Amino acid sequence: MREKPLTDTTAEKVIQINGLYKSFGNYHVLRGVDLDLYRGENLVVLGKSGTGKSVLIKIIIGLLTPDAGKVEVLGNVVDEITYKELLALRLQVGFSFQNSALYDSMTVRENLEFPLVRNRKTLTKGEVNKLVEETLDAVGLLQTINQMPSELSGGQRKRIGIARTLILQPEIMLYDEPTAGLDPITCLEINKLINEVQERYKTSSIVITHDLTCAKEVGNRVAMLLDGKFERQGTFEEVFNTNDERVKPFYDYNFIK
Ligand SMILES: Nc1ncnc2c1ncn2[C@@H]1O[C@H](COP(=O)(O)OP(=O)(O)OP(=O)(O)O)[C@@H](O)[C@H]1O
């Protein structure tokens, strides 16, 4: 298995989260989250279902507001900027949805053109075509350009979903369970793609996953959300070298102990 290099912690922090709290009624989901994303790294976020991983992502992209704490993304304090600034920031933060979220009535080409036509209005038709083709090529699916999403496999749909996010060339990528529901071979292909995207597009990424093979293959660093905080952060080995009963079952289940 490929060994990922350690994160360069002297690099700029593209996301800085300090003392973040978020509750819904009496349910205290995030209870003092501290987390940094360094430029160029893939940070894997692990945690049991319902621990607040999606809530965290929604706060990062300004879809939810924190109760307390500071969330800074590419130098912007997310709940202090104007709505216009937030929209501009969201173009720098690509979010790859779990269900791929493709438009079923559009071809692959049209799905990829859509974010460009909406957000890069000065591009010529030729430039749009070039970007669509280059991005499809980067995810290895140029041959599907005229197909409909319904004609693609689950793994291909994931790739197209990633391509549609990548086409705006965001600085930060957020992957939400990129390998969920895929067979092991396709999972390995998606892991490889996430690593290729990191190298080719120089993205900084947060990868939410329950798949520890994915975590090991793509993560320069791993952070585990436990009881509302990232109590364990470090390399894959550092995070899992523990007898903590909240952590061990993740490892044992994934690696059949
Ligand atoms: N808008 C909301 N209003 C009320 N409760 C919410 C809201 N959003 C999330 N929650 C609650 O916050 C908790 C954390 O949800 P979240 O979706 O972040 O979990 P998760 O860690 O992403 O889970 P999974 O791994 O299953 O995707 C859940 O109990 C959920 O019901």
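Reply: Helices (H or I, at least four residues) and strands (E, at least two) are DSSP runs, numbered from the N terminus. Two strands pair if DSSP finds at least two bridges between them. The model is predicted: local features need pLDDT of at least 70, side-chain atom pairs count only at pLDDT 80 or more, and totals for chains, interfaces and linings use all residues. Residue numbers start from 1 along each chain as its sequence is written.

Four strands form an open sheet in the order β2-β1-β4-β5, and their pairing is antiparallel. At the edges lie β2 (27–38) and β5 (76–77), each of which pairs on one side only. Within the sheet, β1 (residues 13–24) is joined to β4 (residues 68–73) by five bridges in the antiparallel sense. Ile15 has Val73 of β4 as its bridge partner.

The surroundings of the ligand come next. Its shell (C-beta atoms, placed from the backbone, within 6 Å of the molecule) consists of Phe24, Val29, Gly47, Ser49, Gly50, Thr51, Gly52, Lys53, Ser54 and Val55. Helix α1 (residues 53–60) supplies the largest share of this shell, three residues. By class, the shell holds three nonpolar, six polar and one charged residue; Ala, Val, Leu, Ile, Met, Phe, Trp, Tyr, Cys and Pro count as nonpolar, Asp, Glu, Lys and Arg as charged, and the others, Gly among them, as polar.

Helix α5 (residues 154–166) packs against helix α6 (residues 184–201) at an angle of about 15°, with the axes 10 Å apart. α5 is therefore roughly parallel to α6, a label for angles under 35 degrees. Across this contact (C-beta atoms, placed from the backbone, within 7 Å), Gly155, Lys158, Arg159, Ile162 and Leu166 of α5 meet Thr186, Glu189, Ile190, Leu193, Val197 and Tyr201 of α6. The contact residues comprise six nonpolar, two polar and three charged.

Definitions and conventions:
Axes fitted to C-alpha atoms, helices over the stretch in contact; angles between N-to-C directions. Parallel < 35°, antiparallel > 145°, perpendicular 65-115°, else oblique. Contact = placed C-beta atoms within 7 Å.
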